[in-house]
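Please work through the following exercises with the sequence and the model open side by side.

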Amino acid sequence: MALEGVAELRDWLFLLMLCLTLLAEVLEVAAATGYDEEEDLVCPSVCRCDEDFIYCNDRGLSSIPPLPPSATVLYLQNNHIDNAGLPTSLERHLTVRVVYLYDNELDDFPMHLPPSLRELHLQDNNIRTLPRATLARMPLLEKLHLDDNSVSTVSIEDKAFVDNPRLRLLFLSRNHLSSIPSGLPASLEELRLDDNRISTIPTHAFRGLSSLRRLVLDGNLLANQRIADDTFSRLSNLTELSLVRNSLLTPPLNLPSTHLQRLSLQDNALIHMPRGSLDGMRRLQRLDLSGNNLTTLPRGLFKDLDSLGQLLVRGNPWHCGCNLRWLHDWLHARGNSITVRGLTCQAPEKVRDMTLKDLTSQMEECEVTGVVPAGAGAGATGSGTRDRVGGVGGVVASSTTLSPPQGSLFTLRSKRPGLGLPDSGLDYTLGSSGVGKSLALNVKPLAHDSIRVTWSVAQPTSSFRLSWLRLGTSAAMGSITETLVRGDRREYLLTSLHPHSSYIICMVPLAASSGGKGAMAGGDTDSDEAPVCAKAETSDPSQPDVGQEDNQDPEHMATLPLAGIIGGATVIVSLALIFAIFCWYGHRAGRLSSRDQYSRGSSRKSKHYDDYIESGTKKDTTILEIRGPGFQMTPMVTHQPPKPLREDYIIHTIFPSNGTGLYKGAHQVSNAGYGTNRGYRERGIPDIDYCYT
C-alpha cells in the first residue's frame with residue numbers, strides 16, 4: 001500500500017513538472033513575439049521614422065538613442081555626438097546600410113558600427129587617424145566620406161584599406177595630407193584629395209589603381225618639377241582629371257588619353273601648351289584652361305579632339321595675331337558642335353575685347369605659306385603663317401610653328417641640344433645687351449611681367465629664333481620657351497613673365513633652308529652662328545615698374561608739362577602757407593614772452609620787502625654764511641650798538657647756485673669750529689629746526 005502511494009505521488013510530481021515546463025516555454029515564446037512586434041513599431045521619441053529611414057539629425061543629441069532593428073538608413077548629422085556617444089549595441093543592427101554622422105564631435109574613427117554598412121559619411125569632424133582594425137569591421141564598405149577632418153599622411157595606418165575590397169569612393173578633401181596615401185584598394189573608382197598640402201607625386205603613387213575613373217587634386221602645391229613623368233600614365237581608365245589651383249607651367253607629361261573625357265587645368269600658371277600634350281584624346285569632351293597666362297596655342301594642338309564640345313579659356317591674355325589663324329579656321333570648321341567661352345583678344349590694341357571667331361576680315365590679311373601635310377587634322381591648317389604689313393600681328397605676332405620640345409621643364413635643354421642657351425646653374429656675367437658676329441641684342445624690363453627685346457643685324461635674314469630661360473634655384477629648375485620671329489622684325493615684347501625673376505634671353509638668326517627632310521616647318525634652319533644672349537630681371541610688383549614712363553603713349557606724354565606746372569604751383573603755394581603760419585606763430589609767441597617778462601619786472605619793482613621776508617626768515621643784522629658742511633653767524637656793521645638779546649630763530653639753509661657764501665663782512669668773527677658737527681646727520685642735514693643764539 002505504501003509502495004503504491006509513493007508511485008502515485010511520483011507520477012503526479014512528474015506530470016506537474018511537465019506542465020510547468022510547457023507553460024514556461026509558451027510564456028517565453030509569447031513574450032519574445034510581443035517584444036519583437038513592439039520593437040518593430042517603436043521609434044525613438046526624439047527622432048522621426050519613415051519606414052526604415054530614421055531621422056535623428058539636428059536634434060542636439062550627444063549620444064545615439066535606441067533604434068528599431070529594422071532601420072536601414074540613419075540620419076545622425078548636425079548633432080553633438082562624440083565617440084563616447086556611440087553605443088556598442090549599434091553593431092548588432094545588421095540591416096543598416098547607410099549612416100550619416102557628419103558635423104558632429106568625433107575625434108577618432110567610430111567603432112561598433114554595423115558590419116553591414118555600405119556608405120559612411122564622417123565629414124566635418126575632427127578625426128585624426130585611420131586604423132586598419134576599425135576599417136576591417138566594415139568589409140562591405142563601398143563609399144567613405146572623410147572631408148574636412150584632420151587626417152594626415154602619417155596618421156593613416158599602413159595597409160589601412162586592405163580589408164575593404166569593395167571600396168569604390170574615397171573622399172579626403174580638406175585634410176592635412178602631404179602626399180598621396182599608400183595602400184589604396186584596387187577597387188577604387190573615385191578619389192578626391194583636393195585642398196590638401198600635396199606637393200610631390202612619385203612614380204608609384206597610383207600603382208595598382210587601374211579602375212580609377214575620377215581623380216581630383218585641386219588646390220594643392222603641385223609643380224611640374226615634382227610630378228614624375230609617368231605618374232598619370234598608369235591610370236589607363238581615367239575619365240576625369242582635375243588639377244585646378246596648382247602651380248603648373250605646362251600640363252603634366254603622359255596624361256592618360258584613351259578614355260579621358262574631362263580635363264581641368266584652370267587657375268594654374270600655364271604659359272604654353274606644348275604641341276602633342278593633348279594627342280590621342282579622341283574622347284575628350286570638356287577642356288578648361290581658364291585663369292592662366294596663355295597668349296597663344298601651337299598649331300595642331302587640337303588635331304585629335306574630335307569629340308570636344310566645351311572649350312573654356314577665359315582669363316588668359318590672348319594675342320590674336322596670325323599665330324592664331326589656325327585656331328580661327330578650326331573653330332569655323334567645327335561650327336556649332338563646340339561651345340567656346342572666353343576666347344577674347346587682349347592684344348593687339350585694335351582687336352582688344354573682340355572674340356577670335358569674329359576676326360575673319362583681320363585673319364584674311366595673314367598669308368598662309370607652305371603645303372598642308374597629308375593626313376593633318378583640323379588644327380594643322382598650314383605649315384606657317386606670316387603677317388603682312390599692317391596686319392594683326394602687332395608687336396608679339398610671330399609664326400609660332402616651332403613648339404617647345406616635349407619633356408619636363410628641367411629636360412628641355414638636354415632634349416634640344418641645338419637651343420644653345422647657357423647653363424643656368426653657372427654664374428654668367430651677362431648684361432642687358434649682347435653682341436655677336438652679325439647680331440646685337442638689347443633687353444629692357446618694362447614692368448613686373450614684361451621685357452622688351454630689340455636687336456639689329458648686319459645682314460638680312462629670313463627669321464630669328466628667340467629663346468628665354470627663367471633662372472631657377474638650380475640648373476634643373478629653369479623653364480625654357482622659344483619662338484620664331486620674322487626676319488623683318490627688330491623688336492619683340494615678352495609678356496606674362498614671372499615677377500622678380502631673372503631671365504636669360506638669347507637670339508640666333510636662322511638661315512633659309514633648301515628643303516629636304518631636315519627642313520623645319522617654317523622653312524628655316526639653324527645657322528652656324530652662336531646665339532647672342534643678354535640677361536634681364538623683372539621688377540617686384542610692390543615697387544614702381546622700371547621704365548614705365550618710357551611706355552606711356554604720346555597722348556599721356558603730352559599732358560606731362562601741364563601736370564608739372566600744376567604740381568609745381570601747388571607745391572609753391574603750400575610752402576608759402578606753411579612759412580606764413582610759422583611766422584605768425586613766432587610773432588605771437590614773442591609778444592606773449594615780452595608781455596610776461598614786463599609783468600614780472602613790474603611786480604618785482606612794486607615789492608618793498610626783501611628776499612628774507614619772502615623766504616620766511618626773520619630780518620636781523622646777521623646773515624647765514626655757508627662754508628662747507630657747517631655754517632657761522634657773522635655780525636653786520638650797524639649804527640646802533642648791539643644789545644644782548646636772547647631770541648628764538650628759525651634757520652633755513654640757503655644754498656647759492658655757485659656754492660659760495662652769500663655775504664662776507666670786513667670784520668668776521670671766526671666761529672667755524674663751533675657746533676659744526678653737532679645736531680647733524682650725514683651730508684650736513686640738521687636734525688632739528690630750532691637753534692638758539
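A nonpolar core is here a set of buried Ala, Val, Leu, Ile, Met, Phe, Trp, Tyr and Cys residues joined through side-chain atoms within 4.5 Å, where buried means under 20% relative accessible area, exposed over 50% and partly exposed in between, with a 1.4 Å probe and protein chains only. The model is predicted, so local features need pLDDT of at least 70 and side-chain atom pairs count only at pLDDT 80 or more, while totals for chains, interfaces and linings use all residues. Residues are numbered from 1 along each chain as its sequence is written, and side-chain values use heavy atoms, with hydrogens and water left out.

**Exercise 1. Determine which residues touch the most other members of the largest nonpolar core.**

Step 1: The largest core has 92 residues, and within it Phe 232 and Phe 302 touch the most other members. Its largest share, four residues, comes from helix H3 (residues 325-334), helices being DSSP runs of H or I with at least four residues, numbered from the N terminus.

Step 2: A second, separate core of 19 residues includes Val 443, Ile 451, Tyr 503 and Ile 505.

Step 3: With contact taken as heavy atoms within 4.5 Å, and residues up to four places away in sequence not counted, the partners of Phe 232 include Ile 201, Phe 206, Leu 241 and Pro 256.

**Exercise 2. Explain why H3 is described as largely enclosed by the rest of the structure.**

Step 1: Seven of the 10 residues of H3 are buried, and the helix is therefore largely enclosed by the rest of the structure.

Step 2: The buried residues of H3 include Trp 326, Leu 327, Trp 330 and Leu 331, but also Arg 325, His 328 and Arg 334.

Step 3: Beyond the helix, H3 is followed by Gly 335, whose phi is positive, near 65 degrees.

**Exercise 3. Decide whether Thr 134 is buried or exposed, and find what surrounds this residue.**

Step 1: Thr 134 lies in helix H2 (residues 132-136), and because its relative accessible area is 7%, Thr 134 counts as buried.

Step 2: Leaving aside neighbours within four places in sequence, Thr 134 is in contact with Phe 109, Pro 110 and Met 111.

**Exercise 4. Classify Phe 14 as buried or exposed.**

Step 1: Phe 14 is found in helix H1 (residues 2-41), and with 59% relative accessibility this residue counts as exposed.

Step 2: For the protein as a whole, 39% of the 693 residues count as buried.

Conventions
Helices (H or I, at least four residues) and strands (E, at least two) are DSSP runs, numbered from the N terminus.
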